[in-house]
Amino acid sequence: MPRTIRPKEERIAEIEMKIEAHKETIKNLEAKKQAILSPRKRKARPTAKSVVDMAIKAGMKPAEIMEKLGLTTEEQA
C-alpha cells in the first residue's frame, strides 16, 4: 500500500487549528488564575457597636437610639 502524503497547506492548516484550540484553553486558564489572585472582597457585616457608632456620628443621642430600638433603661422602669 502506498503511503499518502498530504500537502503542506493541509498539514499547516491542521496545526493552526490545534494552536487556536490551545490558545483558547490558555485564555480560560489565565482567567481562572486571575480569579484566584484577585478574589472579590466580602462586605463586612455591621456589628452592634458599629451601628451605634454610626448613629452617634449621625447626631443621635444614646437615649434616641434606645427609643428607636424600643429599649428602656432600668432607671425609667
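**Salt bridges and overall form of a predicted helical chain**

At a relative accessibility of 31%, E14 counts as partly exposed. The model in which this residue is described is a predicted one. E14 takes part in a salt bridge with R6, in which the closest N and O atoms lie 2.5 Å apart. K18 and E14 both belong to helix α1, which covers residues 8-37. The two positions are four residues apart in this helix, so about one helical turn separates them.

A search of the whole structure gives five salt bridges. One of them joins the side chains of K49 and D53, with 3.3 Å from N to O. This pair lies in helix α2, which runs over residues 48-57. Within α2, K49 and D53 are four residues apart, about one turn of the helix. K49 has a relative accessible area of 59% and is exposed. D53, at 32% relative accessibility, is partly exposed. Elsewhere, salt bridges with shared partners link R6, E10, E14 and K18 into one network.

The secondary structure of the chain consists of three helices and zero strands. In sequence order the pattern is α-α-α. The radius of gyration is 34 Å, whereas the globule rule gives 11 Å for 77 residues; the value for the chain is well over that figure, so the chain is more spread out than a compact globule. The C-alpha trace spans about 105 × 25 × 15 Å along its principal axes.

Of the 77 residues in the chain, 3% are buried, a class that requires under 20% relative accessible area. The accessible surface of the chain amounts to about 8300 Å². Carbon and sulfur atoms account for 60% of this surface. As to charge, the chain carries 18 positive and 12 negative charges.

Confidence in the prediction was examined for the chain and for its elements. The mean pLDDT of the chain is 88, and 96% of the residues reach 70 or more. Among the elements, helix α1 has the highest mean pLDDT, at 96. The lowest mean, 86, belongs to helix α3, which covers residues 62-69. Where pLDDT is low, predicted coordinates should not be read in detail.

Definitions and conventions
Residues are numbered from 1 along each chain as its sequence is written. This is a predicted model: local features need pLDDT of at least 70, side-chain atom pairs count only at pLDDT 80 or more; totals for chains, interfaces and linings use all residues. Side-chain values use heavy atoms; hydrogens and water are left out. A salt bridge is a side-chain nitrogen of Lys or Arg within 4 Å of a carboxyl oxygen of Asp or Glu. Buried means under 20% relative accessible area, exposed over 50%, partly exposed in between (1.4 Å probe, protein chains only). The radius of gyration is taken over C-alpha atoms; the globule rule is 2.2 Å times the number of residues to the power 0.38. Accessible areas come from the Shrake-Rupley method with a 1.4 Å probe; for residues, only the protein chains shown count as cover. Lys and Arg count as positive and Asp and Glu as negative; His and the chain ends are not counted. The place of a charge is taken as NZ of Lys, CZ of Arg, CG of Asp or CD of Glu. pLDDT is the predictor's confidence in each residue, from 0 to 100.
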